[in-house]
Structure formats: C-alpha cells, structure tokens
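Please consider the following structure, with attention to its pockets and its sheet.

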Amino acid sequence: PLTEDGWYATGDLGHLDGAGRLVVLGRRDHMYISGGENIHPEDVERTLLGLPGVEQALVVAVPDEEYGEVGFAFVAMASGSAQDVGALRAAAKSALPGFMVPKHFAPWPETAAAGGIKPSRRAFQSLAFAHLRRDT
C-alpha cells in the first residue's frame with residue numbers, strides 16, 4: 001500500500017544526508033528509549049560489527065529500573081577471538097555515546113542461525129530475558 005504521495009510505508013526510519021543520499025537508521029519498531037534517549041539498535045550493531053573480532057551482533061531492549069530500557073547485545077566473535085566482555089564494553093564505550101552502550105553482553109547463542117539468515121529479534125529478546133532471570 002502506497003501513501004497518498006506515492007511512497008511505500010515500510011516502517012524504516014531514515015533521512016537524507018547533506019549529499020542527498022538516503023541514510024537508513026533502522027526500523028521504527030526496533031527503536032527503544034533509554035533514559036529519555038531514542039536508540040536504534042541497528043546503529044549500535046553497526047558499531048559493534050566494526051570492532052576487532054566481532055562477526056555478528058544483535059541488540060534488543062530489556063527493561064531497566066533506572067533507565068526504563070537498556071540494550072542487551074548478543075555478540076559472535078571470530079574464530080580464535082576471545083569474548084572478553086570487559087574489553088568489548090570498553091571498545092563500545094570508546095566508539096559510542098555512553099547512553100548507547102549496551103548494559104548487558106552475552107555470547108551469540110549456539111542455537112541461532114549463523115550468517116545469511118535474518119535472526120528473529122523476538123527470539124533474541126526472549127533469550128535476553130532468560131539470561132537476566134538466570135543472573136538474578
């Protein structure tokens with residue numbers, strides 16, 4: 001279904017940059033609010049994927065008493081790369097504004113499809129909730 005002015009409503013958020021190129025931020029229904037800041041998990045994922053050794057990253061929102069919601073990142077490291085959560089968090093802090101750094105990190109689940117297949121954010125959110133319940 002097209003809008004009145006001929007656009008197809010996808011649910012994607014974006015803008016035109018200074019050169020007139022379309023920059024897609026992510027899906028409207030993936031965005032979460034943490035401490036009053038709108039966070040697009042796709043932005044965080046792109047940054048995490050730029051860190052050394054990171055092969056896959058997916059961020060979902062989980063409830064937080066102080067901020068309302070915070071990020072929970074699942075990260076797959078390249079073969080031979082250690083998953084040091086402290087080092088990963090420090091690298092993310094140097095590359096992202098503080099409010100965008102996920103509060104929680106977990107290894108990429110072995111049960112999730114590796115590469116090529118779009119992971120289910122809903123399934124990853126359920127896994128995040130399970131991690132949180134296990135940690136409390």
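Which residues line the second largest pocket? They are Asp29, His30, Met31, Tyr32, Pro41, Val59, Val60, Ala61, Glu69, Arg121, Arg122 and Gln125. The model is predicted: local features need pLDDT of at least 70, side-chain atom pairs count only at pLDDT 80 or more, and totals for chains, interfaces and linings use all residues. Residues are numbered from 1 along each chain as its sequence is written, and side-chain values use heavy atoms, with hydrogens and water left out.

A pocket is here an open set of points on a 1 Å grid over the protein atoms alone, where a 1.4 Å probe fits, with protein on both sides within 12 Å along at least five of seven lines; lining residues have an atom within 4 Å of a point. The second largest pocket holds about 260 Å³ of space, a volume being the space filled by probe spheres set on the points. Strand β5 (54-64) and helix α3 (121-135) each supply at least two residues of its lining; helices (H or I, at least four residues) and strands (E, at least two) are DSSP runs.

Both elements return in the sheet. This open sheet of 3 strands has the order β5-β6-β7, with mixed pairing, where two strands pair if DSSP finds at least two bridges between them. β5 and β6 (residues 68-77) run antiparallel and are joined by 10 bridges; alanine 57 has valine 75 in β6 as its bridge partner. Helix α3 packs on the sheet, touching β5, β6 and β7 (contact means heavy atoms within 4.5 Å).

The largest pocket has about 340 Å³ of space. Among the 13 residues of its lining, Trp7, Tyr8, Thr10, Asp12 and Leu22 are the closest to its centre. Strand β1 gives the most to this lining, with 5 residues.

Notes: Axes fitted to C-alpha atoms, helices over the stretch in contact; angles between N-to-C directions.
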